[in-house]
Structure formats: C-alpha cells, structure tokens
Amino acid sequence: AQVEVIIGIGGGSDDGGLRGTVALHVVGQAVLCSVAMVLFLAKEAVVGIMAKKKSNLLKNVILLVFVAGAGAFVYVQLQKRQLIMRENEVTAWLNQAEYDRALPAFKQIHGQLSGDDRARVAQKIALCYKAKGDKPELSVKEQVEFFRQALKYDESCITDPNMLRLIRKSE
C-alpha cells in the first residue's frame with residue numbers, strides 16, 4: 001500500500017515557496033519514510049538556514065514530527081489488523097473443533113492484546129479448554145483439570161454446579 005502526502009512550504013511559486021512530495025511505503029510490518037522525504041527535509045533545512053528563515057526550519061521540524069506520528073499510527077493500525085486476521089484464522093480452527101491447534105495460537109494472540117479484545121480471546125481460550133474437557137472418554141480428574149484451565153480465562157464458562165464443586169474440592 002502507498003500513501004502519498006503532498007507537502008507545501010511557503011506561500012506558493014510566486015514568492016519562491018518550495019513544494020515537494022513524500023511517499024510513505026508500507027512494506028509488511030514496517031512503515032518506511034522514503035528517501036525523498038529525508039532529502040526534501042534536508043534541502044528545506046539548508047535553504048532555510050542559508051536564507052536565515054527560522055520559520056521554514058520550524059515548519060520542517062513540525063512537518064517531520066507530523067509525518068513520524070502518521071507513520072507510527074499507520075504501523076499500529078497494521079499490527080492491529082494483522083492480529084485480527086490471525087484471530088479470525090484461529091477462530092476457524094476453533095469452529096472446526098481443532099482445539100489442540102487453536103489453543104496455543106489463541107494464547108499467543110491473547111498476550112498481545114488488551115481491554116475488550118483480550119477478554120474476547122480469553123473467552124475463546126476458555127471454550128477450547130471446556131471443549132477438550134467435555135470429552136466423555138476422559139477421566140473425571142482430567143476433565144476437572146481442563147475445566148480449571150477454562151475458568152482461569154473465563155469464570156462464566158462452567159455453569160454445572162457439580163463440576164464447579166469438584167473443581168473447588170480438588171484445589
């Protein structure tokens with residue numbers, strides 16, 4: 001993806017104002033400010049210093065801070081988008097009853113989130129543990145251990161009072 005930003009410094013072409021173009025290139029997980037940006041700002045700084053126009057230098061510094069902030073914002077948004085896409089992929093595994101595959105992936109995602117997103121993934125982790133514990137071929141001890149793990153992530157996932165008593169009793 002490419003975002004193009006037009007930067008104008010000065011009043012316009014009539015009074016000697018300089019104009020330049022900067023492109024922010026998004027490559028995978030990194031947001032890179034193109035070489036054109038650095039060269040443009042360096043040229044502006046030199047011209048500003050040589051012309052003893054402190055206001056142009058100040059404009060350049062403000063512009064650089066703005067572009068850096070925009071780059072950081074784009075980077076954070078890309079990270080969030082990748083986590084959401086990964087969560088959707090892992091949720092498909094949960095829906096296909098591939099709990100052993102989904103559980104470690106959900107835990108990894110869980111560690112990178114906060115707030116409501118973290119709580120949502122915690123519920124999915126609890127669902128994986130609960131589903132693994134619901135298998136009838138497991139011993140009661142094994143079921144209790146899976147349900148105990150599920151309760152660590154979502155206290156409302158186990159509603160059976162008998163199972164809750166067993167879990168508390170075995171602690």
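Modeller: Start with burial: a residue is buried under 20% relative accessible area, exposed over 50%, and partly exposed in between, using a 1.4 Å probe and protein chains only. The model is predicted, so local features need pLDDT of at least 70 and side-chain atom pairs pLDDT 80 or more, while totals for chains, interfaces and linings use all residues. Residues are numbered from 1 along each chain as its sequence is written, and side-chain values use heavy atoms, with hydrogens and water left out.

Colleague: Is S170 buried, partly exposed or exposed, and why?

Modeller: S170 counts as partly exposed because its relative accessible area is 43%. The residue sits in helix α6. Helices here are DSSP runs of H or I with at least four residues, strands are runs of E with at least two, and both are numbered from the N terminus.

Colleague: Which residues does S170 touch, leaving out those up to four places away in sequence?

Modeller: A contact means heavy atoms within 4.5 Å. By that rule S170 touches V144 and R148. S170 and R148 are 22 residues apart along the chain, and their C-alpha atoms are separated by 9.7 Å.

Colleague: How many helices and strands does the protein chain have?

Modeller: The chain has 6 helices and 3 strands. Read from the N terminus, the order is β-β-β-α-α-α-α-α-α. Of its 171 residues, 34% are buried. Contacts between residues at least 6 apart in sequence include 37% that join residues at least 24 apart.

Colleague: What is the accessible surface of the protein chain?

Modeller: Accessible areas come from the Shrake-Rupley method with a 1.4 Å probe, and for residues only the protein chains shown count as cover. The total for the chain is about 11,100 Å², with 59% belonging to carbon and sulfur atoms.

Colleague: How many disulfides does a search of the whole structure find?

Modeller: A disulfide is a covalent bond between the sulfur atoms of two cysteines. The test is a pair of cysteine sulfur atoms within 2.5 Å, and a search of the whole structure finds 0. C157, at 12% relative accessibility, is a buried residue.

Colleague: How many salt bridges are there?

Modeller: A salt bridge is a side-chain nitrogen of Lys or Arg within 4 Å of a carboxyl oxygen of Asp or Glu. The count comes to 8. One of them pairs E87 with R120, whose closest N and O atoms are 2.8 Å apart. This pair links distant parts of the chain, with E87 in helix α2 and R120 in helix α4, 33 residues apart. E87 is buried at 4% relative accessibility, whereas R120 is partly exposed at 32%.

Colleague: Where do D117 and R120 lie?

Modeller: Both are in helix α4, 3 residues apart, or about one turn of the helix. D117 is partly exposed, with a relative accessible area of 36%.

Colleague: And how far apart are the closest N and O atoms of E145 and R148?

Modeller: They are 2.7 Å apart, in a salt bridge. E145 and R148 both lie in helix α5, 3 residues apart. E145 is partly exposed at 35%, but R148 is buried at 17%. Elsewhere, salt bridges that share partners join E87, D117, R120 and K124 into one network.

Colleague: Last, the surface. Which residues form a nonpolar patch?

Modeller: Patches are made of residues with over 30% relative accessible area and no salt bridge, with like charges joined within 9 Å and nonpolar side chains (Val, Leu, Ile, Met, Phe, Trp, Tyr) within 5 Å. Here L57, V61 and V65 form a nonpolar patch with about 250 Å² of accessible area together. L57 lies in helix α2 (residues 54–95) and is partly exposed, at 33% relative accessible area.
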